[in-house]
Amino acid sequence: MITEHALLPVRPGREDDFEAAFRTARPLIAGQPGFRSISLSRSAESPSTYLLLVEWDSIADHEEGFRGSPEYLEWKRLLHSFYDPFPVVEHFVEIDLG
């Protein structure tokens, strides 16, 4: 399993619109093969910054599966205009601390 991590810098003043659009967009990603879970958190110190965490079975499920799907085009249409600058997305693998 991998965790997709993105800090989403939403244009100030657009937070409510972004959250509404995200609620609409959530089912687009949640129905994808390899999807496990999603969470969206808002920064207490910087209220225009959000933390997106998505768990996938593999990086390919995210990058090739979801990003290659028609649902991703709708995801982009709903959400990408809110970001300034565009977020950096990274994938993380959990470390077994035994």
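Author: Asp17 counts as partly exposed because its relative accessibility is 43%; here buried means under 20% relative accessible area, exposed over 50% and partly exposed in between, with a 1.4 Å probe and protein chains only. The model is a predicted one, in which local features need pLDDT of at least 70 and side-chain atom pairs count only at pLDDT 80 or more, while totals for chains, interfaces and linings use all residues. Residues are numbered from 1 along each chain as its sequence is written, and side-chain values use heavy atoms, with hydrogens and water left out.

Asp17 forms a salt bridge with Arg14, their closest N and O atoms being 3.5 Å apart. The term salt bridge denotes a side-chain nitrogen of Lys or Arg within 4 Å of a carboxyl oxygen of Asp or Glu. With 31% relative accessibility, Arg14 counts as partly exposed. By this rule the count comes to five salt bridges.

Another of them joins Asp84 to Arg11, with 3.6 Å between the closest N and O atoms. Since Asp84 lies in the loop between H3 and E4 and Arg11 in the loop between E1 and H1, the pair ties together parts that are 73 residues apart in sequence. Helices (H or I, at least four residues) and strands (E, at least two) are DSSP runs, numbered from the N terminus. Asp84 is partly exposed at 49%, and Arg11 is partly exposed at 35%.

A further salt bridge links Arg77 and Glu74, whose closest N and O atoms are 2.6 Å apart. Both residues lie in helix H3, three residues apart, which is about one turn of the helix. Arg77, at 55% relative accessibility, counts as exposed, whereas Glu74, at 29%, is partly exposed.

We now turn to two charged residues without such a partner. Lys and Arg count as positive and Asp and Glu as negative, while His and the chain ends are not counted. Asp61, in helix H2 (residues 59-66), is buried yet has no salt bridge, and Arg36, the nearest side chain of opposite charge, is 7.4 Å away. Leaving aside neighbours within four places in sequence, Asp61 is in contact (heavy atoms within 4.5 Å) with Pro33, Gly34, Trp56 and Phe66.

Glu4, in strand E1, is likewise buried without a salt bridge; its nearest side chain of opposite charge, Arg67, is 5.2 Å away. The side chain of Glu4 does make a polar contact with that of Trp56, at 2.9 Å. A polar contact is a pair of N or O atoms within 3.5 Å; within protein, one must be able to donate a hydrogen and the other to accept it, and residues adjacent in sequence count only if both atoms are side-chain atoms.

Beyond four places in sequence, the contacts of Glu4 include Leu52, Val54, His62 and Val89. Leu52 is itself the bridge partner of Ala6 in E3, and its contacts include Phe22, Ile38 and Trp75.

Note on methods: Two strands pair if DSSP finds at least two bridges between them.
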